[in-house]
Amino acid sequence: MKAILVRPNFDDATRYTFAFAEEILERCRQAEIDVVELAEGEAVKSRVEEELKKGADLFIFYDHGDEDCLVGQDGQPVIDLSNCNWLAGKDVYTLACLSAKKLGVEVWRQKGKYWGYTEVVGFTTDALPEFKRSFNCGFTYLFIERVPHGTALDKARETFDKLATALVSEGKIMAAIYMRKNRESLVAYNAEGPTSGNGGCLLGLLKLPFQYVAARLKETRLK
Amino acid sequence: MGDEKVLKAAVLRYLEAKEKAEPDWKLFLGKESLTASQLRERLNKDKKLWKEIRQWADALAVDMFNEGSKKIESDSGTS
(Lines give C-alpha, C1' and ligand atoms only; values in the text may rest on other atoms or scores of the structure.)
Protein backbone atom coordinates (compact mmCIF):
# COMPACT_ATOMS: atom_id res chain seq x y z
CA MET A 1 0.00 0.00 0.00
CA LYS A 2 1.23 3.49 -0.84
CA ALA A 3 0.27 6.49 1.29
CA ILE A 4 0.75 10.25 1.17
CA LEU A 5 0.82 12.03 4.53
CA VAL A 6 0.32 15.80 4.40
CA ARG A 7 0.98 17.81 7.56
CA PRO A 8 1.36 21.58 7.44
CA ASN A 9 2.64 23.42 10.49
CA PHE A 10 1.97 27.14 10.61
CA ASP A 11 -0.02 28.08 13.72
CA ASP A 12 -0.66 27.00 17.30
CA ALA A 13 -3.20 24.34 16.38
CA THR A 14 -1.12 22.81 13.60
CA ARG A 15 1.90 22.63 15.90
CA TYR A 16 -0.09 20.08 17.88
CA THR A 17 -1.69 18.24 14.95
CA PHE A 18 1.74 18.06 13.28
CA ALA A 19 2.97 16.21 16.36
CA PHE A 20 -0.12 13.97 16.43
CA ALA A 21 0.72 12.86 12.89
CA GLU A 22 4.15 11.62 13.97
CA GLU A 23 2.47 8.53 15.38
CA ILE A 24 0.71 7.95 12.06
CA LEU A 25 4.10 7.91 10.34
CA GLU A 26 5.29 5.31 12.85
CA ARG A 27 2.14 3.24 12.29
CA CYS A 28 2.73 3.36 8.52
CA ARG A 29 6.25 2.03 8.99
CA GLN A 30 4.92 -0.63 11.36
CA ALA A 31 2.36 -1.74 8.77
CA GLU A 32 4.95 -1.56 5.98
CA ILE A 33 2.93 1.12 4.22
CA ASP A 34 5.12 2.97 1.74
CA VAL A 35 4.54 6.56 2.90
CA VAL A 36 5.51 9.85 1.25
CA GLU A 37 5.52 12.69 3.76
CA LEU A 38 4.69 16.22 2.65
CA ALA A 39 5.41 18.34 5.70
CA GLU A 40 5.40 22.09 6.26
CA GLY A 41 6.73 23.85 3.11
CA GLU A 42 5.94 20.77 1.02
CA ALA A 43 2.35 20.66 2.19
CA VAL A 44 1.07 22.74 -0.72
CA LYS A 45 -1.26 22.02 -3.63
CA SER A 46 1.43 21.63 -6.32
CA ARG A 47 3.40 19.03 -4.34
CA VAL A 48 0.25 17.19 -3.26
CA GLU A 49 -0.99 16.93 -6.85
CA GLU A 50 2.48 15.91 -8.02
CA GLU A 51 2.55 13.00 -5.55
CA LEU A 52 -1.08 12.03 -6.22
CA LYS A 53 -0.25 11.86 -9.93
CA LYS A 54 2.38 9.24 -9.15
CA GLY A 55 -0.36 7.17 -7.52
CA ALA A 56 -1.35 6.34 -3.96
CA ASP A 57 -3.91 4.20 -2.17
CA LEU A 58 -4.22 6.28 0.96
CA PHE A 59 -4.25 10.05 1.53
CA ILE A 60 -3.68 11.23 5.10
CA PHE A 61 -4.16 14.87 6.03
CA TYR A 62 -3.46 16.32 9.50
CA ASP A 63 -4.41 19.95 9.63
CA HIS A 64 -7.10 22.57 9.11
CA GLY A 65 -10.00 22.09 6.78
CA ASP A 66 -13.29 23.55 5.78
CA GLU A 67 -16.51 22.07 4.44
CA ASP A 68 -15.11 21.82 0.93
CA CYS A 69 -11.34 21.73 1.34
CA LEU A 70 -8.17 20.73 3.16
CA VAL A 71 -5.86 23.68 3.86
CA GLY A 72 -2.11 23.63 3.15
CA GLN A 73 0.94 25.39 4.58
CA ASP A 74 0.25 28.53 2.51
CA GLY A 75 -3.32 28.83 3.77
CA GLN A 76 -4.63 27.73 0.38
CA PRO A 77 -6.50 24.49 -0.30
CA VAL A 78 -4.35 21.50 -1.21
CA ILE A 79 -7.52 19.62 -2.08
CA ASP A 80 -10.93 21.13 -2.75
CA LEU A 81 -13.97 20.31 -4.86
CA SER A 82 -12.12 21.32 -8.05
CA ASN A 83 -9.30 18.77 -7.70
CA CYS A 84 -10.76 16.13 -5.40
CA ASN A 85 -10.98 13.78 -8.39
CA TRP A 86 -7.37 12.97 -7.42
CA LEU A 87 -8.84 11.18 -4.41
CA ALA A 88 -11.35 9.15 -6.42
CA GLY A 89 -11.25 5.51 -5.35
CA LYS A 90 -8.75 6.25 -2.57
CA ASP A 91 -8.86 5.97 1.18
CA VAL A 92 -8.77 9.38 2.89
CA TYR A 93 -7.98 9.74 6.60
CA THR A 94 -8.10 13.19 8.16
CA LEU A 95 -8.72 15.06 11.39
CA ALA A 96 -9.49 18.31 9.53
CA CYS A 97 -12.47 20.33 10.70
CA LEU A 98 -15.72 20.15 8.72
CA SER A 99 -14.26 18.53 5.62
CA ALA A 100 -16.53 15.46 5.73
CA LYS A 101 -19.47 17.78 5.18
CA LYS A 102 -18.94 18.46 1.46
CA LEU A 103 -15.48 17.30 0.41
CA GLY A 104 -15.90 13.90 2.04
CA VAL A 105 -19.26 13.40 0.34
CA GLU A 106 -17.75 14.29 -3.03
CA VAL A 107 -14.84 11.89 -2.52
CA TRP A 108 -17.31 9.19 -1.50
CA ARG A 109 -19.38 9.88 -4.61
CA GLN A 110 -16.21 9.21 -6.57
CA LYS A 111 -15.83 5.80 -4.93
CA GLY A 112 -13.40 6.98 -2.29
CA LYS A 113 -13.57 6.16 1.42
CA TYR A 114 -13.48 9.13 3.74
CA TRP A 115 -12.67 9.18 7.46
CA GLY A 116 -13.21 12.67 8.84
CA TYR A 117 -15.31 15.15 10.77
CA THR A 118 -18.47 17.06 9.82
CA GLU A 119 -18.03 19.80 12.45
CA VAL A 120 -15.26 22.00 13.86
CA VAL A 121 -12.85 19.76 15.74
CA GLY A 122 -11.93 20.82 19.29
CA PHE A 123 -9.15 19.83 21.65
CA THR A 124 -7.61 21.14 24.83
CA THR A 125 -4.01 21.35 26.00
CA ASP A 126 -4.65 19.46 29.25
CA ALA A 127 -5.48 16.25 27.37
CA LEU A 128 -3.14 16.13 24.39
CA PRO A 129 -2.29 12.40 24.71
CA GLU A 130 -6.00 11.55 24.89
CA PHE A 131 -6.86 13.69 21.86
CA LYS A 132 -3.94 12.22 19.92
CA ARG A 133 -5.24 8.77 20.73
CA SER A 134 -8.75 9.68 19.62
CA PHE A 135 -7.61 11.24 16.34
CA ASN A 136 -5.25 8.36 15.53
CA CYS A 137 -7.20 5.31 16.72
CA GLY A 138 -9.20 4.95 13.51
CA PHE A 139 -5.98 4.64 11.55
CA THR A 140 -4.93 1.66 13.67
CA TYR A 141 -8.32 -0.01 13.28
CA LEU A 142 -8.43 0.55 9.50
CA PHE A 143 -4.85 0.02 8.39
CA ILE A 144 -3.18 -2.05 11.10
CA GLU A 145 -6.06 -4.26 12.28
CA ARG A 146 -7.62 -4.01 8.79
CA VAL A 147 -11.24 -3.99 9.97
CA PRO A 148 -14.01 -2.60 7.70
CA HIS A 149 -14.91 1.08 7.93
CA GLY A 150 -18.18 0.45 9.80
CA THR A 151 -16.44 -1.66 12.44
CA ALA A 152 -13.59 0.83 12.72
CA LEU A 153 -16.06 3.66 13.27
CA ASP A 154 -17.87 1.74 16.01
CA LYS A 155 -14.56 0.95 17.70
CA ALA A 156 -13.39 4.56 17.39
CA ARG A 157 -16.63 5.90 18.91
CA GLU A 158 -16.20 3.48 21.78
CA THR A 159 -12.64 4.76 22.26
CA PHE A 160 -13.87 8.39 22.27
CA ASP A 161 -16.52 7.47 24.86
CA LYS A 162 -14.02 5.76 27.14
CA LEU A 163 -11.62 8.69 26.85
CA ALA A 164 -14.40 11.20 27.61
CA THR A 165 -15.45 9.26 30.71
CA ALA A 166 -11.83 9.02 31.89
CA LEU A 167 -11.36 12.76 31.32
CA VAL A 168 -14.40 13.57 33.46
CA SER A 169 -12.99 11.48 36.28
CA GLU A 170 -9.71 13.40 36.00
CA GLY A 171 -11.51 16.72 36.25
CA LYS A 172 -10.74 17.64 32.63
CA ILE A 173 -14.32 18.57 31.88
CA MET A 174 -13.86 20.85 28.85
CA ALA A 175 -11.63 18.19 27.30
CA ALA A 176 -14.36 15.60 27.91
CA ILE A 177 -16.99 17.88 26.36
CA TYR A 178 -14.97 18.31 23.14
CA MET A 179 -14.02 14.62 23.06
CA ARG A 180 -17.76 13.90 23.13
CA LYS A 181 -18.47 16.48 20.43
CA ASN A 182 -15.70 15.19 18.14
CA ARG A 183 -17.06 11.67 18.58
CA GLU A 184 -20.43 12.78 17.31
CA SER A 185 -19.10 14.45 14.17
CA LEU A 186 -16.74 11.62 13.22
CA VAL A 187 -17.87 9.82 10.07
CA ALA A 188 -16.56 7.07 7.84
CA TYR A 189 -17.96 7.21 4.34
CA ASN A 190 -17.49 3.81 2.84
CA ALA A 191 -17.12 3.37 -0.90
CA GLU A 192 -19.38 0.34 -0.73
CA GLY A 193 -22.33 2.56 0.10
CA PRO A 194 -23.98 3.80 3.27
CA THR A 195 -24.99 1.23 5.83
CA SER A 196 -26.53 1.81 9.21
CA GLY A 197 -24.01 2.44 11.92
CA ASN A 198 -21.21 3.69 9.75
CA GLY A 199 -22.39 7.27 9.65
CA GLY A 200 -23.37 6.95 6.03
CA CYS A 201 -27.16 6.79 6.18
CA LEU A 202 -27.83 10.47 5.68
CA LEU A 203 -25.15 10.61 3.06
CA GLY A 204 -26.97 7.83 1.29
CA LEU A 205 -29.85 10.24 0.81
CA LEU A 206 -27.48 12.84 -0.59
CA LYS A 207 -26.18 10.29 -3.03
CA LEU A 208 -29.57 9.92 -4.61
CA PRO A 209 -29.29 11.36 -8.10
CA PHE A 210 -30.65 14.87 -8.09
CA GLN A 211 -32.43 14.25 -11.35
CA TYR A 212 -34.30 11.33 -9.83
CA VAL A 213 -35.49 13.40 -6.89
CA ALA A 214 -36.47 16.26 -9.16
CA ALA A 215 -38.39 13.89 -11.43
CA ARG A 216 -40.27 12.43 -8.46
CA LEU A 217 -41.17 15.91 -7.23
CA LYS A 218 -42.43 16.80 -10.68
CA GLU A 219 -44.50 13.61 -10.78
CA THR A 220 -46.01 14.43 -7.39
CA ARG A 221 -46.93 17.92 -8.55
CA LEU A 222 -48.52 16.56 -11.74
CA LYS A 223 -50.64 14.15 -9.67
CA MET B 1 -34.33 28.41 32.88
CA GLY B 2 -32.86 28.49 36.38
CA ASP B 3 -31.01 25.22 35.80
CA GLU B 4 -29.20 26.69 32.79
CA LYS B 5 -27.97 29.59 34.93
CA VAL B 6 -26.70 27.10 37.50
CA LEU B 7 -24.86 25.13 34.81
CA LYS B 8 -23.35 28.26 33.29
CA ALA B 9 -22.18 29.48 36.70
CA ALA B 10 -20.56 26.09 37.30
CA VAL B 11 -18.80 26.18 33.90
CA LEU B 12 -17.52 29.72 34.55
CA ARG B 13 -16.32 28.71 38.02
CA TYR B 14 -14.57 25.69 36.53
CA LEU B 15 -12.80 27.88 33.98
CA GLU B 16 -11.75 30.31 36.69
CA ALA B 17 -10.21 27.44 38.66
CA LYS B 18 -8.59 26.11 35.49
CA GLU B 19 -7.05 29.50 34.75
CA LYS B 20 -5.50 29.64 38.21
CA ALA B 21 -4.26 26.04 38.16
CA GLU B 22 -3.06 25.97 34.52
CA PRO B 23 -2.51 29.49 33.17
CA ASP B 24 -1.31 28.08 29.82
CA TRP B 25 -4.45 25.98 29.29
CA LYS B 26 -6.10 26.48 25.90
CA LEU B 27 -9.10 25.24 24.00
CA PHE B 28 -8.55 24.90 20.25
CA LEU B 29 -11.61 25.17 18.03
CA GLY B 30 -10.36 24.77 14.51
CA LYS B 31 -8.10 27.73 13.80
CA GLU B 32 -9.18 29.57 16.92
CA SER B 33 -7.59 29.15 20.32
CA LEU B 34 -8.99 30.40 23.62
CA THR B 35 -7.42 30.62 27.06
CA ALA B 36 -9.65 29.86 30.05
CA SER B 37 -10.12 33.57 30.60
CA GLN B 38 -10.98 34.22 26.94
CA LEU B 39 -13.40 31.31 26.96
CA ARG B 40 -15.15 32.71 30.04
CA GLU B 41 -15.55 36.06 28.32
CA ARG B 42 -16.84 34.40 25.15
CA LEU B 43 -19.37 32.32 27.04
CA ASN B 44 -20.90 35.48 28.44
CA LYS B 45 -21.42 36.89 24.94
CA ASP B 46 -21.48 34.03 22.45
CA LYS B 47 -24.82 32.23 22.71
CA LYS B 48 -23.90 29.73 19.99
CA LEU B 49 -20.74 28.61 21.81
CA TRP B 50 -22.60 28.38 25.11
CA LYS B 51 -25.34 26.31 23.44
CA GLU B 52 -22.66 23.97 22.04
CA ILE B 53 -20.99 23.46 25.41
CA ARG B 54 -24.34 22.96 27.10
CA GLN B 55 -25.41 20.44 24.45
CA TRP B 56 -22.30 18.30 24.88
CA ALA B 57 -22.30 18.62 28.65
CA ASP B 58 -25.85 17.23 28.56
CA ALA B 59 -24.71 14.42 26.23
CA LEU B 60 -21.88 13.57 28.64
CA ALA B 61 -24.31 13.44 31.54
CA VAL B 62 -26.57 11.06 29.59
CA ASP B 63 -23.55 8.88 28.75
CA MET B 64 -22.58 8.71 32.40
CA PHE B 65 -26.06 7.59 33.44
CA ASN B 66 -26.11 5.00 30.63
CA GLU B 67 -22.73 3.70 31.73
CA GLY B 68 -23.96 3.58 35.30
CA SER B 69 -27.02 1.56 34.24
CA LYS B 70 -24.83 -0.89 32.29
CA LYS B 71 -22.53 -1.30 35.27
CA ILE B 72 -25.43 -1.96 37.66
CA GLU B 73 -26.95 -4.48 35.22
CA SER B 74 -23.69 -6.31 34.64
CA ASP B 75 -22.89 -6.38 38.37
CA SER B 76 -26.28 -7.84 39.16
CA GLY B 77 -26.34 -10.12 36.09
CA THR B 78 -29.58 -8.65 34.77
CA SER B 79 -28.39 -7.47 31.35
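How many helices and strands does the secondary structure of chain B contain? In this predicted model, the secondary structure of chain B comprises 3 helices and 2 strands, and these elements follow one another along the sequence in the pattern α-β-β-α-α. The radius of gyration of chain B is 16 Å, well over the 12 Å that the globule rule gives for 79 residues, so the chain is more spread out than a compact globule. When taken along the principal axes, the box filled by the C-alpha atoms of chain B has dimensions of roughly 50 × 30 × 25 Å. Of the 79 residues in chain B, 16% are buried.

In chain A, attention turns to the backbone of two loop residues. A:Leu98, although not a glycine, has a positive phi of about 65 degrees, and this residue is placed in the loop that lies between β7 (91–94) and α3 (103–109) of chain A. A:Leu98 counts as buried because 22 C-beta neighbours lie inside 10 Å, where the cut-off for a buried residue is 20 or more.

A positive phi is also found at A:Arg146, a residue other than glycine, with a value near 60 degrees. The loop that holds A:Arg146 runs between α4 (128–144) and α5 (149–169) of chain A. Here the C-beta neighbours inside 10 Å number 9, and A:Arg146 therefore counts as exposed, given that a residue is classed in this way if it has 12 or fewer. Thus A:Leu98 is a buried residue, whereas A:Arg146 is an exposed one.

Notes. Residues numbered from 1 in each chain as written. Chains lettered and ligands numbered in written order. Predicted model: local features only at pLDDT ≥ 70, side-chain atom pairs only at ≥ 80, totals over all residues. Helix = DSSP H or I, 4+ residues; strand = E, 2+ residues; numbered from the N terminus. Rg over C-alpha atoms; globule rule 2.2 N^0.38 Å.
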